[in-house]
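Let us walk through this structure step by step. We begin with one residue, then step back to the whole chain, and then return to details.

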Amino acid sequence: MTEEQFRDKLLSKIRSLKIAEQIVYPAATVANASMIERLFEKGIGGDGAKVGSYSTEPMYASKKQFRNTGAFKAQGKTGKKKEGRKSMYLAGGYKQLRQVQGYESSYVNLFYYGDLYGEMNKLTVEKDTVVVRLSREINKKKVEGLREKYGKETFQHTKKEKEQFAKDVSKMLANYFSN
């Protein structure tokens with residue numbers, strides 16, 4: 001192959017490359033999956049530290065706050081059941097609300113109904129960029145509230161995830177141009 005043929009082949013490859021779809025999207029999918037696993041299954045934020053801890057401040061919870069409604073027992077501070085009571089006293093606060101339903105409570109686990117988790121799994125290509133676009137207003141508010149409560153780093157990628165993303169993009173580009 002002559003130098004001119006090589007240049008023409010390379011230029012043709014560059015012109016036909018849809019970088020967002022062919023290179024960035026696959027690498028972003030891996031990075032996003034890593035972030036979701038870290039955040040939702042391990043409770044670790046983008047700064048590498050635990051996201052936080054659940055409140056242990058005593059509270060009253062209505063049946064509506066229970067995902068596992070079978071765990072709800074209408075009772076007050078004394079544990080006595082009173083006719084017409086519509087809430088359950090939880091001396092251990094929100095942490096206890098999770099515990100009585102059998103949910104993870106030793107670290108902040110953002111998976112409760114699974115709605116936010118599901119939306120964060122959806123990547124879209126917009127022009128030359130790959131983004132997670134939350135479409136439901138309730139999930140936008142959840143993320144905003146979680147960032148306020150636990151810090152803006154919560155939903156950021158870790159240094160390790162960013163490095164892996166860069167490696168994946170480099171490898172995919174090298175593969176693309178070597179064919």
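Is Y94 buried, partly exposed or exposed? Y94 is partly exposed, because its relative accessible area is 28% and buried would require under 20%. Keep Y94 in mind. Note also that the model is predicted.

Now take the whole chain. Its secondary structure comes to 6 helices and 4 strands. Read from the N terminus, the order is α-α-β-β-α-α-β-β-α-α.

Next comes overall form. The C-alpha trace spans about 90 × 30 × 25 Å along its principal axes. The radius of gyration is 24 Å, whereas a compact globule of 179 residues would have one near 16 Å. Buried residues make up 33% of the 179 residues. The accessible surface comes to about 11700 Å². Carbon and sulfur atoms account for 52% of that surface.

Charge is next. The chain carries 35 positive and 21 negative side chains. The centres of these two sets lie 10 Å apart.

One of the residues to look at is E161. It lies in helix α6, which covers residues 159–178. E161 counts as buried, because its relative accessibility is 7% and the cut-off is under 20%. Which residues does E161 touch, leaving out those up to four places away in sequence? They are S34, M35, R38 and Q156.

Now for the aromatic rings. A search of the whole structure finds 7 aromatic pairs. One of them brings back Y94. The ring centres of Y54 and Y94 are 5.4 Å apart and their planes stand at 55 degrees, so this pair is tilted. Y54 sits in the loop between α2 (19–42) and β1 (59–62), while Y94 belongs to helix α3 (residues 93–100), so the pair ties together parts that are 40 residues apart in sequence. Y54 is buried, with a relative accessible area of 9%. Y94, as we saw, is partly exposed.

F111 and Y117 form another aromatic pair. Their centres are 5.3 Å apart, with 75 degrees between the planes. This pair is edge-to-face. F111 is partly exposed, with a relative accessible area of 33%. Y117 is partly exposed too, at 26%. Together with F40, F111 and Y117 form one aromatic cluster.

How values were computed
Residues are numbered from 1 along each chain as its sequence is written. This is a predicted model: local features need pLDDT of at least 70, side-chain atom pairs count only at pLDDT 80 or more; totals for chains, interfaces and linings use all residues. Side-chain values use heavy atoms; hydrogens and water are left out. Helices (H or I, at least four residues) and strands (E, at least two) are DSSP runs, numbered from the N terminus. The radius of gyration is taken over C-alpha atoms; the globule rule is 2.2 Å times the number of residues to the power 0.38. Buried means under 20% relative accessible area, exposed over 50%, partly exposed in between (1.4 Å probe, protein chains only). Accessible areas come from the Shrake-Rupley method with a 1.4 Å probe; for residues, only the protein chains shown count as cover. Lys and Arg count as positive and Asp and Glu as negative; His and the chain ends are not counted. The place of a charge is taken as NZ of Lys, CZ of Arg, CG of Asp or CD of Glu. Contact means heavy atoms within 4.5 Å. Rings of Phe, Tyr and Trp (its six-membered ring) pair if their centres lie within 6.5 Å; planes under 30 degrees apart count as stacked, over 60 as edge-to-face and the rest as tilted.
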